[in-house]
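Please consult the sequence and the structure alongside the points below.

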Amino acid sequence: MNNIELNTDFSKYLPNTFLCKDVQYCLKKVPADFLVEEVSNFYQPSIEKQIWHFQLRKEGMTTSEAVTNIANILDIPESYIGYAGLKDEDGITSQRISIQSLSRNIDTRAINAHLDMTSGKWLSLHEVGCFEENIKIGQLVGNSFRIVIRNLDKPIAQALAKQTSHNHAFINYYDTQRFGVPGGPSTTHLIGQAFHHGKWEKALSLICQSASPEAQAAQKWLGKAEHFFHQLDPRRLSFYYASYSSYQWNNLVAQEFQQYHQGLQVMRSSIPYVLPTAYSDVMTFAATTPWYPFIRFNIVDGKKVEKQSLRPTIVHTFIKVTDLNEDHEFPDRSCLTIEFFLPSGCYATMAVCQFIYLANAYLT
């Protein structure tokens with residue numbers, strides 16, 4: 001994959017795109033509007049190895065923050081705790097984690113004693129059992145979602161609710177969560193780019209402004225910028241590298257799509273996207289360009305390792321509509337409750353975005 005300049009200027013796109021009025025909708029108005037249940041790999045139970053698996057439920061914090069909190073309570077290194085995927089802080093999420101063998105029993109009560117579900121920021125652990133192996137990044141089947149879409153125009157909501165099940169296909173873009181953290185600027189891809197080119201001072205400056213878990217430590221760092229990043233959990237470095245390659249992938253796929261199809265240009269949290277306006281274009285793109293190269297980065301023994309893989313350009317899912325109501329949060333608007341499953345690495349917010357935009361294009 002060729003490197004591209006990272007910016008949000010639409011002038012780099014081909015001229016056969018068009019603009020129309022934005023489509024209003026709202027996700028994650030309250031945490032209960034966005035429920036995520038991770039579907040993990042199958043793990044072999046063990047009565048010999050002391051690798052304990054737990055179900056982690058949380059609200060108001062990322063997976064990285066939850067792992068940091070658990071490690072601090074148990075007084076163990078963060079590297080002892082394994083997880084398959086990163087879950088956002090918005091919404092209520094459930095996923096499995098592993099904790100390596102310890103010289104003492106793991107006291108979940110000490111962790112759950114910090115539980116205050118009224119605070120809007122909590123976590124809880126529930127023991128699953130003892131297994132053969134630790135959980136590693138990427139070891140999951142996917143995620144199930146139950147989402148309330150609010151602030152919908154009534155004709156769009158009613159049109160979508162006419163069918164209880166929708167065969168939905170969408171461009172498999174990385175969504176805005178990949179490029180920032182809640183409350184911070186969308187710059188994680190720029191941090192990853194600075195890593196990639198060895199611009200450690202620039203990376204440190206961006207980290208300080210990022211509102212990421214590392215931001216406060218970065219602001220107090222007095223040593224060499226490069227040394228700050230070397231002492232971080234390698235999984236955090238990999239996250240920033242992945243953000244950089246994800247931005248590249250999005251832009252290259254958007255350009256490929258626009259060679260043959262019209263698209264709608266939208267900005268989401270300062271990140272540009274080109275969205276399809278017809279399912280026929282989505283299906284044609286799936287047939288002509290089912291995969292696109294993606295560079296994966298891992299940190300092995302302190303060194304960056306690159307590996308090229310293929311990412312599907314289009315994802316299919318069945319969306320079940322479970323409820324349609326008046327939206328009490330937004331007067332004279334509707335809210336729609338949907339449920340669906342996505343494979344690992346796909347974004348529910350992007351699936352919903354294109355679900356709504358395609359419905360609006362059909363009605364107009």
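Helix H1 (63–74), helix H6 (215–220) and helix H8 (234–258) each supply at least two residues of the lining of the second largest pocket. The model is predicted: local features need pLDDT of at least 70, side-chain atom pairs count only at pLDDT 80 or more, and totals for chains, interfaces and linings use all residues. Residues are numbered from 1 along each chain as its sequence is written, and side-chain values use heavy atoms, with hydrogens and water left out. Helices (H or I, at least four residues) and strands (E, at least two) are DSSP runs, numbered from the N terminus.

**Second largest pocket**

- The volume of the second largest pocket is about 430 Å³, a volume being the space filled by probe spheres set on the grid points.
- Among the 19 residues that line this pocket, Ser 64, Thr 68, Glu 78, Pro 213 and Glu 214 are the closest to its centre.
- A pocket is an open set of points on a 1 Å grid where a 1.4 Å probe fits, with protein on both sides within 12 Å along at least five of seven lines; lining residues have an atom within 4 Å of a point.
- H1 gives the most to the lining, with 5 residues.
- By type, the lining comprises 7 nonpolar, 6 polar and 6 charged residues (Ala, Val, Leu, Ile, Met, Phe, Trp, Tyr, Cys and Pro count as nonpolar, Asp, Glu, Lys and Arg as charged, and the others, Gly among them, as polar).

**Helix packing**

- The axes of H4 (residues 188–196) and H5 (residues 200–208) come within 8 Å and cross at roughly 160 degrees, which makes H4 roughly antiparallel to H5 (angles over 145 degrees).
- In the contact (heavy atoms within 4.5 Å), Leu 190, Ile 191, Ala 194 and Phe 195 of H4 meet Trp 200, Lys 202, Ala 203, Leu 206 and Ile 207 of H5.
- The residues of this H4–H5 contact are 8 nonpolar, no polar and 1 charged.
- For H3 (residues 154–161) and H10 (residues 348–363), the axes come within 10 Å and cross at roughly 105 degrees, so H3 is roughly perpendicular to H10 (65 to 115 degrees).
- Pro 155, Ile 156, Ala 159 and Leu 160 of H3 make the contact with Phe 355, Ile 356, Ala 359, Asn 360 and Leu 363 of H10.
- The H3–H10 contact divides into 8 nonpolar residues, 1 polar and no charged.
- Axes are lines fitted to C-alpha atoms, for helices over the stretch in contact, and angles run from 0 to 180 degrees between N-to-C directions.

**Positive phi angles**

- Most residues other than glycine have a negative phi.
- Lys 28, not a glycine, has a positive phi of about 65 degrees and lies in the segment before strand E1 (34–40).
- Ser 269 has a positive phi near 50 degrees and is found in the loop between strand E8 (264–268) and strand E9 (271–275).

How values were computed. Angles under 35 degrees count as roughly parallel, over 145 as roughly antiparallel, 65 to 115 as roughly perpendicular and the rest as oblique.
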